[in-house]
Amino acid sequence: MVEMNALFQTRASLFVRTIVLVILSIALMVADHRWNHLETLRTGLSNLIYPLRYTINIPGEFIQWIDESVTSHNDLIDENLELKQERLLYQVRLQKMDTLELENQRLRKLLGTPKKASERVLIAEIFSVDQDPYKRLITINKDSADGAYVGQAIIDANGIMGQIIHVESNASTVMLISDSNHAVPIQINRTGLRGTVFGTGDSSKLELRFIPHNAEIKVGDVVSSSGLGGRFPPNYPVGVISKIERPAGETFASIDIEPAAKLDQSREVLMLWHNAPPDNYGVESKTK
Amino acid sequence: MIPRPYISIIVSLSVALMLNMLPLPDWANYARPDWVTLVLIYWAMALPQIAGVLLAFIFGLLLDVSQTTLLGQHAVALVIVIFLVQRLYLRIRVYTLIQQAMFVGILLVIKQLIVLWVSGITDNAPDTEMYFLPALVGAVIWPWLFILLRDIRRRFCQTHHH
């Protein structure tokens, strides 16, 4: 009888504990979804799993290290030569760029429009890729100590990659533009037509939605960020229109975009501060 | 000094969390079993006095952080699954390994349904028939995982069982 009682008691308390924890979880989810007040809790918990994250990264880094160590002398010489040539090419282009920028500023002054703020960038390394195959998230190795903030634009050498959605300690989570919950305000370079590019969950395809059938667009048009909304700086490439379908009976055309950034190949990315004061202009590379 | 069963449980769950986070190629990602849930189910069944809903809640939150889901999304799913295991552990223990594997498969599907349901309410839920593949893989590997964890328990946790 005593045993029965004990059994009954643990069962009752198991039920109570479960209900309490379920209610607590729901409260957490609501708080997280509605008000984003839980960044501190998230950061604290991510500190707990940081050692695990670090450990699983070791094999990959070790393989990379071996790969770099056994590269032959000749390969290095070749690569060095190539890089030098590339650098020369970029320097020439940059000179032209400087002149153009000055000219642009002068013309803007004449027109009476305010000068565009210059941008500052910092190189970050991709730390890990989210394991959920239905999301397009990556983790980079920079945190608020490096100036990372929620909403910061992330680019690579070819175009816009995404934006930071959580800043943790020693790491930040980036949602790529290919995530199905992501959208970028854009304009088409050739015509200035504005629109919004949505992620599809597929890293080789984005969608330009809500463009009417009769809009002036064609395959091959380059799509850049418009800067509307303030999150992404204007005039960074987003992609190229790769397919246009105008299904009868639908209000809008179905337009596929091939992303400009190498969303699943890059290892280094650039964090962008686009409202930075002009004296911070230039690439800063800080290693941890 | 921390009692030995706690160490075995925490270490095996940490390894499971690492397996959940390990970077894999895309095709393997779709089939990745949910190691943390599998290991929690084992401990809740084998040592129900120690591994209960609170442990499920804590590791659920860690899963939420590692997978960047809403805080509480995996936690609520794991708490419900472990509650079921705690109610039924006496029955599960006498099942054969195959029956156990099928039962575990059902538990994994329940867990994924809860996570999917929350995703569906808050943002875009994935829309593919591949979604339940991890539950199937989890059920298939259950017998091996069970034997492995049972050996660990017999070796490191001297209890009154067996």
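In chain A, strand β6 (residues 183-188) and strand β7 (residues 194-199) run antiparallel and are joined by five bridges. The model described here is predicted. Within this pair, A:Val184 stands opposite A:Val197 of β7(A). The two strands belong to a barrel in chain A. Six strands close it, in the order β6-β7-β8-β11-β10-β9. Their pairing is antiparallel. On average, neighbouring strands of this sheet are turned by 40 degrees against each other, direction ignored.

Chain A as a whole holds three helices and 13 strands. Of its 288 residues, 24% are buried. Among contacts in chain A with a separation of 6 or more, 56% are between residues 24 or more positions apart. The chain is divided into domain 1 (2-69), domain 2 (78-116) and domain 3 (183-259). Between domain 2 and domain 3 of chain A, the C-alpha centres lie 27 Å apart.

A:Lys142 lies in the loop between β2 (137-140) and β3 (153-155) of chain A. Is A:Lys142 buried or exposed? It counts as buried, because 24 C-beta neighbours fall inside 10 Å; the cut-off for a buried residue is 20 or more. Apart from neighbours within four places in sequence, A:Lys142 is in contact with A:Leu122, A:Ala124, A:Ala148, A:Ser172 and A:Met271. A:Ser203 is 61 residues from A:Lys142 in sequence. In space, the two are 23 Å apart, C-alpha to C-alpha.

Chains A and B touch. The contact takes 35 residues from chain A and 35 residues from chain B. On the chain B side, α1 (4-21), α2 (26-29), α4 (53-67), α5 (73-94) and α6 (97-122) each supply at least two residues. The largest share of that side comes from α4(B), with eight residues. By type, the chain B side divides into 21 nonpolar, 11 polar and three charged residues.

Nonpolar residues also gather in cores. In soluble globular proteins, nonpolar side chains tend to be buried together. The largest nonpolar core has 52 residues. Those that touch the most other members are B:Val39, B:Leu40, B:Ile41, B:Leu78, B:Val79 and B:Ile82. A second, separate core has 36 residues. A:Val197, A:Ile257, A:Ala260 and A:Ala261 are among them. A:Val197 is also the residue of β7(A) that stands opposite A:Val184.

Further detail comes from two isoleucines of chain B. With neighbours within four places in sequence left aside, B:Ile41 is in contact with B:Val81, B:Val85, B:Val104 and B:Leu107. B:Ile106 is found in helix α6 of chain B. How many C-beta neighbours does B:Ile106 have inside 10 Å? There are 13, so B:Ile106 counts as partly exposed. B:Tyr131 is 25 residues from B:Ile106 in sequence. The C-alpha atoms of B:Ile106 and B:Tyr131 are 14 Å apart in space.

Definitions and conventions:
Residues are numbered from 1 along each chain as its sequence is written. Chains are lettered from A and ligands numbered from 1 in the order in which they are written. This is a predicted model: local features need pLDDT of at least 70, side-chain atom pairs count only at pLDDT 80 or more; totals for chains, interfaces and linings use all residues. Helices (H or I, at least four residues) and strands (E, at least two) are DSSP runs, numbered from the N terminus. A residue is buried if 20 or more other C-beta atoms lie within 10 Å of its own, exposed if 12 or fewer, and partly exposed in between; C-beta atoms are placed from the backbone. Two residues are in contact if their C-beta atoms, placed from the backbone, lie within 7 Å. Two strands pair if DSSP finds at least two bridges between them. Axes are lines fitted to C-alpha atoms, for helices over the stretch in contact, and angles run from 0 to 180 degrees between N-to-C directions. Ala, Val, Leu, Ile, Met, Phe, Trp, Tyr, Cys and Pro count as nonpolar, Asp, Glu, Lys and Arg as charged, and the others, Gly among them, as polar. Domain bounds come from an automatic or database domain assignment. A nonpolar core is a set of buried Ala, Val, Leu, Ile, Met, Phe, Trp, Tyr and Cys residues joined through C-beta atoms within 7 Å.
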